[in-house]
Amino acid sequence: MRKVIIDNGHGIETPGKRSPDGRLREWAWTRRLAARLAELLGGHGIEAVILVPEERDVPLRERCHRANACDADVLLSLHVNAAGDGSRWHGASGFSAFVAPKASDDARRLAALLTAEAAKAGLAGNRYTPPEGYLSACFAICTGTRCPAVLTENLFQDNRGDVDFLLSPSGIETVARVHLDAILKFFNIRP
């Protein structure tokens with residue numbers, strides 16, 4: 001059975017990480033997304049492991065240790081991006097996928113699939129995405145885990161339109177299905 005680790009990002013104590021009006025809290029939204037994605041993956045026979053079931057912050061070192069103990073095929077780290085410090089609205093919008101600078105070919109392929117699925121769903125936004133379909137950064141969750149790892153920034157918590165979409169009835173479903181469809185293509189599983 002295929003196994004996907006879902007790292008649902010920050011915890012309730014992480015400073016900031018919310019929309020300027022306080023409607024969207026990254027820790028809560030990513031937990032809802034992780035739960036829905038796990039449900040969808042299970043419906044396709046893929047085991048999903050929620051890396052951080054607790055609401056509190058779990059240090060990156062502990063998250064990497066948990067991930068490495070799972071013996072999974074891939075890891076997805078779910079986040080909501082921000083252009084500023086959360087005190088005011090900005091114009092940056094859209095989806096991004098990140099891999100470690102020395103990421104495996106599998107991580108790069110999954111990141112490109114995620115970006116392509118986000119674009120198909122109309123979530124590309126106005127941020128630059130390189131032609132290969134992903135950005136590279138030294139995020140600890142991507143560099144400190146043994147399995148291929150991709151960190152996704154699912155729109156912007158300080159863009160009013162992105163927040164409205166993310167909090168809409170179709171927001172979680174659309175973003176979850178972007179991740180699901182990319183994973184199914186990555187594993188060559190028919191939807």
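This briefing walks through one protein chain, from its overall build to single residues.

The model is predicted, so local features need pLDDT of at least 70 and side-chain atom pairs count only at pLDDT 80 or more, while totals for chains, interfaces and linings use all residues. Residues are numbered from 1 along each chain as its sequence is written, and side-chain values use heavy atoms, with hydrogens and water left out. The protein chain holds 6 helices and 6 strands. Helices (H or I, at least four residues) and strands (E, at least two) are DSSP runs, numbered from the N terminus.

**Overall build**

- From the N terminus on, the order of elements is β-α-β-α-β-β-α-β-α-β-α-α.
- The radius of gyration of the protein chain is 15 Å, close to the 16 Å that the globule rule gives for 191 residues, so the chain is as compact as a globular protein of that length. This radius is taken over C-alpha atoms, and the globule rule is 2.2 Å times the number of residues to the power 0.38.
- Along the principal axes, the C-alpha atoms fill a box of roughly 45 × 35 × 30 Å.
- Of the 191 residues in the protein chain, 51% are buried. Buried means under 20% relative accessible area, exposed means over 50%, and partly exposed lies in between (1.4 Å probe, protein chains only).
- Take the contacts between residues at least 6 apart in sequence: 79% of them join residues at least 24 apart. Contact means heavy atoms within 4.5 Å.

**Surface and charge**

- The protein chain exposes about 8,700 Å², and carbon and sulfur atoms supply 51% of that area. Accessible areas come from the Shrake-Rupley method with a 1.4 Å probe; for residues, only the protein chains shown count as cover.
- There are 24 positive and 23 negative side chains. Lys and Arg count as positive and Asp and Glu as negative; His and the chain ends are not counted.
- The centres of the two charge sets lie 1 Å apart. Each charge is placed at NZ of Lys, CZ of Arg, CG of Asp or CD of Glu.

**Aromatic pairs**

- The whole structure has 2 aromatic pairs. Rings of Phe, Tyr and Trp (its six-membered ring) pair if their centres lie within 6.5 Å; planes under 30 degrees apart count as stacked, over 60 as edge-to-face and the rest as tilted.
- The ring centres of F98 and F139 are 5.2 Å apart and the planes stand at 85°, so this pair is edge-to-face.
- The pair links distant parts of the chain, 41 residues apart. F98 sits in strand β4 (residues 95–99), and F139 sits in the loop between β5 (135–136) and α4 (140–143).
- F98 is buried at 13% relative accessible area, whereas F139 is partly exposed at 29%.

**Buried positions**

- Helix α2 has buried residues R63, C64, R66, A67 and N68. The buried residues of α2 pack against β1 (3–7), β3 and α4.
- L51 lies in the loop between β2 (47–50) and α2 (60–68). L51 is buried, with a relative accessible area of 4%.
- The C-alpha atoms of L51 and I6 are 5.8 Å apart, although 45 residues separate the two along the chain. Beyond neighbours within four places in sequence, L51 contacts residues including R63, R66 and A67.
- H79 belongs to strand β3 and is buried at 6% relative accessible area. Beyond neighbours within four places, H79 contacts residues including H10, R63 and E153.
- Q157 occupies the loop between β6 (149–156) and α5 (160–166). Q157 is buried at 3% relative accessibility. Leaving aside neighbours within four places, the contacts of Q157 include K17, N81 and W89.

**Exposed positions**

- D71 lies in the loop between α2 and β3 (74–81) and is exposed at 70% relative accessible area. Phi of D71 is near 50°, a positive value in a residue other than glycine.
- N188 is in the segment after α6 (171–186), and is exposed at 71% relative accessibility. Phi of N188 is positive too, near 55°, and this residue is not glycine.
- C138 sits in the loop between β5 and α4 and is exposed at 65% relative accessibility. Not counting residues up to four places away in sequence, C138 touches P101 and T143.
- C138 and E173 are 35 residues apart along the chain, and their C-alpha atoms are separated by 29 Å.
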